[in-house]
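Here's a quick, friendly tour for anyone meeting this one for the first time. Take a look at the picture, then read on.

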Amino acid sequence: SNSPWCTPQNLSDAYLRTQRNEPANLPAVVAAVALARGVVTPAGVAALAVSLRDNGLRALGLLNTNAEEEEAEKEEEEESLATHERPPLAAATAAAAAAAAAAAIA
């Protein structure tokens, strides 16, 4: 998708092959990479897609590769959700919305 004028040529629609490239064409790019690498099974193509995504995120510094950190963050988030039902403002807003709904029904 970072090559706006290099639309994948394996798209089934000839008209789309003449248009500007866009992120919606990524499945066609994955299919072309799979074909070039000799990957033919659907499971292999799916694994390749995950690998390509992870490599891209890792290259941009957006993938957390430390599983222990991910697990700790997940536990921290679950603990936070368990101890705090709602922030006060959200609770007040929900109460006001419920009161307005009750008034509209009545």
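At what angle do helix H2 and helix H3 pack? The angle is about 115 degrees, with the axes of H2 (residues 26-37) and H3 (residues 42-59) 10 Å apart.

## Before we go on

This is a predicted model, where local features need pLDDT of at least 70 and side-chain atom pairs count only at pLDDT 80 or more, while totals for chains, interfaces and linings use all residues. Residues are numbered from 1 along each chain as its sequence is written, and side-chain values use heavy atoms, leaving out hydrogens and water.

## The overall layout

The protein has 5 helices and 0 strands, and reading along the sequence gives α-α-α-α-α. Both kinds of element are DSSP runs numbered from the N terminus: H or I with at least four residues for helices, E with at least two for strands.

Of the 106 residues in the protein, 10% are buried (buried is under 20% relative accessible area, exposed over 50%, partly exposed in between, using a 1.4 Å probe and protein chains only). Take the contacts (heavy atoms within 4.5 Å) between residues at least 6 apart in sequence: 2% of them join residues at least 24 apart.

Axes here are lines fitted to C-alpha atoms over the stretch in contact, and angles run from 0 to 180 degrees between N-to-C directions.

On the H2 side, the contact is made by Val30, Val33, Ala34 and Arg37, and H3 brings Val45, Leu48, Ala49 and Leu52. Sorted by class, that's 7 nonpolar, no polar and 1 charged residues.

## Two residues before H1

Thr7 sits in the segment before helix H1 (14-17). Is Thr7 buried or exposed? Thr7 is buried, with a relative accessible area of 7%. Not counting residues up to four places away in sequence, Thr7 touches Leu16, Arg17, Gln19, Arg20, Asn21 and Asn25. A polar atom of the Thr7 side chain lies 2.4 Å from the backbone oxygen of Gln19.

Ser12 is also found in the segment before H1, but Ser12 is exposed, with a relative accessible area of 79%. Its C-alpha atom is separated by 9.4 Å from that of Ala28, 16 residues apart along the chain.

Notes. Nonpolar A, V, L, I, M, F, W, Y, C, P; charged D, E, K, R; others polar. Polar contact = N/O pair within 3.5 Å; in protein donor to acceptor, adjacent residues only side chain to side chain.
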